[in-house]
Amino acid sequence: MKVAVISDTHGLLRPEVLEKIMDCELILHGGDINRQDIIDSLKQIAPLIVVRGNNDKEWAEAVPLFESFSIGGVKVYMTHKKKDLPEDLSSYDLIITGHTHKYEYKTIGDQVFLNPGSCGPRKTTQPITMAVLYVEEDGFTVEKIDIPHPDA
């Protein structure tokens, strides 16, 4: 299964991001969506699991702060900020956060901690990134996707 992992779109769905997620079977959004129409657009591409970020205000009150789910046997925990992670994550294979706008992939034991970075508006010279998760019968792999910036 091919799964798009994005975060911190801040009201912007770049055409380059849409192109990368068009053939995904599921989309995960790690928060700071900023507008309902972003959610609506993503749901037209594939099923969507989304969490609320610190910039998602009144319009997003119904969006959960965290989600816990499985994708093909891979147990996933997703929340926007690392500081909101529970102490005990031992039952999860993949932990997804956003917020920092910086791509991070780290393994601790058998667990993977992933922050797909930001694929929304760019701040200064920060990279524009997202990730694609490939879930197979025997586990999963993560591919970092760098989105070229037109001003780079």
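**Core and sheet**

Author: This is a predicted model. In it, valine 17 touches Ile6, Cys119, Met130 and Ile147, leaving aside residues up to four places away in sequence.

Reader: Which residues have the most contacts inside the largest nonpolar core?

Author: They are Ile6, Val17, Ile21, Ile27, Leu42 and Met130, in a core of 22 residues. At least two core residues come from each of β1 (2-6), α1 (15-21), α2 (36-43), β3 (48-50), β9 (128-136) and β10 (139-147). A second, separate core has 18 residues, including Leu26, Val76, Leu114 and Val135.

Reader: What is the strand order of the open sheet, and which are its edge strands?

Author: The five strands run β3-β2-β1-β9-β10, with mixed pairing. β3 and β10 are the edge strands, since each pairs on one side only. On average, neighbouring strands are turned by 20 degrees against each other, direction ignored.

Reader: How do you know that β1 and β9 pair?

Author: Pairing requires at least two bridges; β1 and β9 have four, in the antiparallel sense, and therefore qualify. Valine 5 stands opposite alanine 131 in β9.

Reader: Where does α2 lie?

Author: α2 lies across β1, β2 (26-29) and β3, and runs at about 150 degrees to β3.

Definitions and conventions. Residues numbered from 1 in each chain as written. Predicted model: local features only at pLDDT ≥ 70, side-chain atom pairs only at ≥ 80, totals over all residues. Heavy atoms only, no water. Core = buried A, V, L, I, M, F, W, Y, C linked by side-chain atoms within 4.5 Å. Buried < 20%, exposed > 50% of the residue type's maximum accessible area, 1.4 Å probe, protein only. Contact = heavy atoms within 4.5 Å. Axes fitted to C-alpha atoms, helices over the stretch in contact; angles between N-to-C directions.
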